[in-house]
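Trainee: Could you take me through this model, one feature after another, and show me how each is read?

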Amino acid sequence: MGRLFSNLYAHPNSGTKSISMFTGLIEEVGRMLWIRASERGTELQIEAPRLAARVSIGDSVAVNGCCLTVRSRRLDQLTFDLLDETLDRTNLKGLRRDGPVNLERALLASGRIGGHFVQGHIDCTAGVILFEQSGADHRLEIALSGEFAHYAAYKGSIAINGVSLTIAETLPESIAVWIIPHTKQATNFDSIKPGDLVNVEFDILAKYVERMLARYVPHG
């Protein structure tokens, strides 16, 4: 794990571009102001009173778990450019004005890792099947297509809307996680409901294992 972490951050004078990483611990729930097409492409602007003062142009910020680069900052407003790939693969295109978005700044090499390694590269969106309270906690169940089911493991890590969570159940066509009260209150899970689309990123370790095993599995 130490080698993996050290390889993710290049020395600032090395001439090598660093790779942004996140931990899945949300720092602020921002507010979507607008998303629109422009001569530059598609732009997204959010309001983030606490976070905006601590980021600069060019910094990476995970918005609902999707790694975006700050193009401009004005007071408590941050603006990002969105690629077509981002629009196709995430729930950002479906955001509504004043809708809540989970925000996290990229992890510093000296920072604490409280969740798990999250790249900010969304694998897919998933529909919320159920979000119900049980005692003080909530059970969140999301649909999972067969294309991605092999990445989900019982007790494994997963990022949903950028939040680091542990898979509690693997079902034939879905997975379930448990949301504690603090997580619900500190993220946009506080307003989630069945039918909503969430961004999903599977654990990077599962992807590396899949890629390595593919070298030894005969094809055809």
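The dialogue below turns to strand pairing, then to the nonpolar cores, and then to a surface patch.

Mentor: Please keep in mind throughout that this is a predicted model.

Trainee: How many bridges join strand β1 to β2, and in which sense do the two run?

Mentor: In a regular strand the side chains alternate between the two faces of the sheet. Here β1 (residues 28-38) and β2 are antiparallel and are joined by seven bridges, with A37 having T42 of β2 as its bridge partner. The two strands make a hairpin, with two residues between them. β2 also pairs with β5 (residues 77-82), again in the antiparallel sense, over six bridges, and in that pairing L44 stands opposite F80. Of the seven residues in β2 (residues 41-47), six are buried.

Trainee: Which residues touch the most other members of the largest nonpolar core?

Mentor: That core has 24 residues, and those with the most contacts to other members are L140, I142, I158 and I160. Strand β7 (124-134) is among the elements that give two or more residues to the core, and its four residues are the largest share. Beyond its neighbours within four places in sequence, L140 is in contact with residues including V128, I160, V177 and F189. A second, separate core of 21 residues has L44, I46, L51 and L68 among its members.

Trainee: Is V209 buried, partly exposed or exposed?

Mentor: V209 has a relative accessible area of 41%, so it counts as partly exposed, since that class lies between 20% and 50%. This residue belongs to helix α4 (residues 204-214), and together with L205, Y208, M212 and L213 it forms a nonpolar surface patch of about 480 Å² accessible area.

How values were computed
Residues numbered from 1 in each chain as written. Predicted model: local features only at pLDDT ≥ 70, side-chain atom pairs only at ≥ 80, totals over all residues. Heavy atoms only, no water. Core = buried A, V, L, I, M, F, W, Y, C linked by side-chain atoms within 4.5 Å. Buried < 20%, exposed > 50% of the residue type's maximum accessible area, 1.4 Å probe, protein only. Contact = heavy atoms within 4.5 Å. Patch = residues over 30% accessible without salt bridge, like charges linked within 9 Å, V, L, I, M, F, W, Y side chains within 5 Å. Areas by Shrake-Rupley, 256 points an atom, 1.4 Å probe, with all protein chains shown as cover. Salt bridge = Lys/Arg side-chain N within 4 Å of Asp/Glu carboxyl O. Pairing = 2+ DSSP bridges.
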